[in-house]
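Here is a short report on one protein model. It covers the sheet, the helix packed on it and the aromatic pairs.

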Amino acid sequence: MNNILKFTPSATKEIRRVVSEKSPNTFFRISVKGGGCSGFKYDFSFDNKVTKEDEIFDKTIIDKNSLKIIEGSIVDFKRELIGNSFVINNPKAS
């Protein structure tokens with residue numbers, strides 16, 4: 001599974017940190033939403049329900065439809081002056 005989606009060490013560390021502050025059995029969820037003419041939007045949230053449509057990557061869950069869109073991507077966490085954020089570097093994005 002790890003060839004489908006890669007997480008940088010900083011993303012993995014931050015996901016584990018933010019999930020540890022939530023209730024037990026909480027996961028970090030990544031999903032892709034339709035964004036209209038501007039393309040897809042990545043949504044980051046927390047979830048404690050894993051369905052049969054989800055794939056689990058350590059402390060992260062992603063539904064299979066979203067995973068098809070971000071397959072081959074790298075999930076990163078950036079610390080910048082303007083703020084901290086998760087970033088998905090998707091080679092399929094135009």
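Buried means under 20% relative accessible area, exposed over 50%, and partly exposed in between (1.4 Å probe, protein chains only). This is a predicted model: local features need pLDDT of at least 70, side-chain atom pairs count only at pLDDT 80 or more, and totals for chains, interfaces and linings use all residues. Residues are numbered from 1 along each chain as its sequence is written, and side-chain values use heavy atoms, with hydrogens and water left out.

**Sheet.** Helices (H or I, at least four residues) and strands (E, at least two) are DSSP runs, numbered from the N terminus. Two strands pair if DSSP finds at least two bridges between them. An open sheet is formed by 4 strands in the order β3-β2-β5-β4, with mixed pairing. β3 (41-47) and β4 (54-57) are at the edges, each with a single partner strand, so one side of each has no neighbour in the sheet. β2 (residues 27-33) and β3 pair in the antiparallel sense over 7 bridges. Lys33 stands opposite Lys41 in β3.

**Helix.** Helix α1 (residues 9-20) packs on the sheet and touches β2, β3 and β5 (60-63). Contact means heavy atoms within 4.5 Å. The direction of α1 makes about 115° with that of β2; axes are lines fitted to C-alpha atoms, for helices over the stretch in contact, and angles run from 0 to 180 degrees between N-to-C directions. Buried in α1 are Ala11, Glu14, Ile15, Val18 and Val19. Seen down the axis of α1, these residues fall within an arc of 125°, so they line one face of the helix. The arc is that of the directions from the helix axis to the C-beta atoms. The face turned away from the buried side carries exposed Pro9, Lys13 and Ser20.

**Aromatic pairs.** Rings of Phe, Tyr and Trp (its six-membered ring) pair if their centres lie within 6.5 Å; planes under 30 degrees apart count as stacked, over 60 as edge-to-face and the rest as tilted. The whole structure holds 6 aromatic pairs. Two are tabulated.

| Pair | Centre to centre | Plane angle | Class |
|---|---|---|---|
| Phe7 and Phe57 | 6.0 Å | 45° | tilted |
| Phe28 and Phe46 | 6.0 Å | 70° | edge-to-face |

Phe7 lies in β1 and Phe57 in β4, so their pair ties together parts 50 residues apart in sequence. Phe57 is buried, with a relative accessible area of 9%. Phe7 is partly exposed at 22% relative accessibility. Phe28 is buried at 3%, and Phe46 is partly exposed at 38%. One aromatic cluster is formed by Phe28, Phe44, Phe46, Phe77 and Phe86.
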